[in-house]
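Student: I am new to this one. Could we look at it together and ask what lies behind each term?

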Amino acid sequence: MIGRQFLFVALFMMSIGGLMAMLMRLDLAWPDTQFSFLSILPQSLQNDSAITANTYNAEFTMHATIMIFFVIMPILVGCFGNFLIPLMLGARDMAFPKLNMLSFWVSAGAGVLMMASFWVPGGPAAAGWTSYAPLSAVPIYTGVDWGQNLWCMSLIVLGVGSLMGAINYITTVINMRTKGMTFFRMPLVIWSLFITAILLLLALPVLTTALALLLFDRMGGTHFFLPPGGGEPLLWQHLFWFFGHPEVYIMILPGMGIASELIATFSRKPIFGYRAMAYAMASIAFLSWVVWGHHMFQSGMDPALGTGFMLTTMVIGVPSAIKTFNWLGTLYKGDIHYTAAMLNALSFVAMFVIGGLSGIFMACTPVDMYIHDTYFIVAHIHYVLFGGSLFAVFGAIAYWFPKMFGRMMNETLGKVHFWITFVAFNCTFFPMHILGMGGHMRRIYNPTQYDFLKPLEPINMFISISAFVLGAAQLLLLANIIWSLVRGEKASENPWHANTLEWSAPSPPRHGNWPGPVPVVYRGPYEYSSPESAEDYLPQWQPAEPATAAAD
Amino acid sequence: MLEHLWFPHDISTFGPQIDWLFILIFWITVVVWALVMIAMVTFMVRYRHRPGRKAEYIEGNPRLEIFWTTATAVILIALALMSKSTWAEIKEHGPPGQVFYQVAGKQFNWEITYPGPDGKFGPKAVTVENEMHVPINQVVRIELTSKDVIHSFFVPNLRLKQDAVPGRTIHVWFQAREPGSYAIPCAELCGFGHSGMQGTLTVESEADFQKWLKDQYANQQ
């Protein structure tokens, strides 16, 4: 139930975050142009029906903030964490159901605070989602007063909500596994959510603390980040990225877990190197604590530290590569079924490879000196977070929708949505690498102000048109969800012939998940095409000897 | 060398090293990407579902795991070690400088201070907004700072970028090899005027530079 609430709220927020992106692309293709339809927007998003420097800054700040904190995290962690952890572990509910509900409502409150900032004088925060001090710490520098205060408050509240969730997930995974569900029989998506929860537990308090200090600087006259009073602007960056880099993995690890489930199920094969996959995720999580400095190579931090962070950053590429090769190994000699869910999962792998490889350019400190703060970075982050996390989200929705709502999603519509999204996504974000190589800075609202960027303007135009297609394609997803909720074909208990425990519960599961006793686990989660079974799957809950089980 | 890849023309002494590293990583990533995609598409076509065929039950292969872990680690760590010296040269030491400037970012201009005729940043020093003139083929040293928020001193043609942080003085150097004028945009979000904040770097002969500087001194009086 709480999983579904998180899903619907996050999808609503996705439409707002997406709208911000559309406004940005409109401006980048036609800077300083008036469009009469913009007048319906709140004043903080348009200025006399045009997007100007101030409103553009607010738009990219809110786009990133909403997409990261109110879309990707709530869907991956809030929705699928809540829904899958008890079901896949054989628990009747989360360890602390009331804390779970509180976590949702606290997060929803944070969302209300963030939305309210669109209507305060001065408009919403406009210092970027990274809110580097001193720009974010003194109202006159951005001209935004209450918008930035609300931004800080909202994220502090959200941090508290996520912390409650994290404690709940960790406790549930450790204590509530059913009989026979050892750690190394847990599905990889549970591994990924478990590791993500540990990262959340350790990373979020750092952000909450930094935000509190920023708020003191803004409202209490302190100088934590302000040099005139002895403060240090780089302190903000260290605190922010000490949270921020684990945060990146908080948003991609569940995607990796989801992709692993879907690829194994639809290849009808065990996941290649199950233990290596689990260890790779654990090492990514560990290494994510020692790479934050790669966001700060050009910040004025000691260059010798930059060299150290370059080395750790290169090393974190290793477990990511291991995962990719194992997904390929899973496809090898499989029996691949191309459902909409599988297409999205495969696209996750392909896009994650591009996002991972483009990361090597930035990890290399001298190359980063040139491409830092250009569109190359924008391309990279979107290949990881849209190509990665969001395709995993689309796949997960297609795959678990029958279990969540008791009805199948429309496959044809799902595939049409996938193909348009896939093509439009690449047309939107791949050319951004080229912009970055041309030296196109991020966060500028009018590239035509620069002579050296003028030749790149046709590329900006092409990107904008692709982005509009990409945005419009998401209406198909929305239509599919609504249509399938009402008219979708009724789902059986195990429509995909999958092995994991959630498919032994009714679709949708009632309160307490299983009407009878809780299932017992007899084997690992990926016994597809096992020689022990005539079928091409062997569920975790099926006793080893069907004959003796029947005699019981 | 990289101009066919949309890169701005390189005029700095350290630019070729950066471009070389970019090209190296470019080819490594292209080859890895191509291999992964070929494998993926081949598997996707060859092992697509056909009635009556069952997938092969393979749980993994520890030797393969060790192979690709080691191979990736070796390539990545080698890249880091190869980049190390270039980075150290550009950001840590640099050659001894001959021309000294102070540059300060402020919303939304670059303030460039040239030492006075006495060679000091005293009362005779001149400050010009957004116009940076440097002599060709000489090492230029900058003391970079900011008066308000963080800005980033970016010269695409020099491949040079360094954040300007209030409360800190950061040393930057470069040596321009070709005359001409080049943009100095700000690369770090610095407020509503961030877009459009830019200076011009003019690289000229020693004689032209001295003449220009003399004019500035004259203008100041």
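**How the two chains meet**

Student: Why is the pairing of A:Glu232 with B:Arg168 called a salt bridge?

Tutor: The closest N and O atoms of A:Glu232 and B:Arg168 are 3.3 Å apart. A salt bridge needs a side-chain nitrogen of Lys or Arg within 4 Å of a carboxyl oxygen of Asp or Glu, so the pair of A:Glu232 and B:Arg168 qualifies. Between chain B and chain A the count is three salt bridges.

This is a predicted model, where local features need pLDDT of at least 70, side-chain atom pairs count only at pLDDT 80 or more, and totals for chains, interfaces and linings use all residues. Side-chain values use heavy atoms, with hydrogens and water left out, residues are numbered from 1 along each chain as its sequence is written, and chains are lettered from A and ligands numbered from 1 in the order in which they are written.

Student: What makes residues of chain B count as in contact with chain A?

Tutor: Contact means heavy atoms within 4.5 Å; 80 residues of chain B are in contact with 97 residues of chain A.

Student: How do you know how much area chain B and chain A bury?

Tutor: Buried area is the accessible area (1.4 Å probe) that two parts lose on being put together, summed over both. For chain B and chain A that gives about 7,600 Å², 71% of it on carbon and sulfur atoms. B:Tyr57, B:Trp87 and B:Leu189 supply 10% of the area chain B buries against chain A, more than any other three residues.
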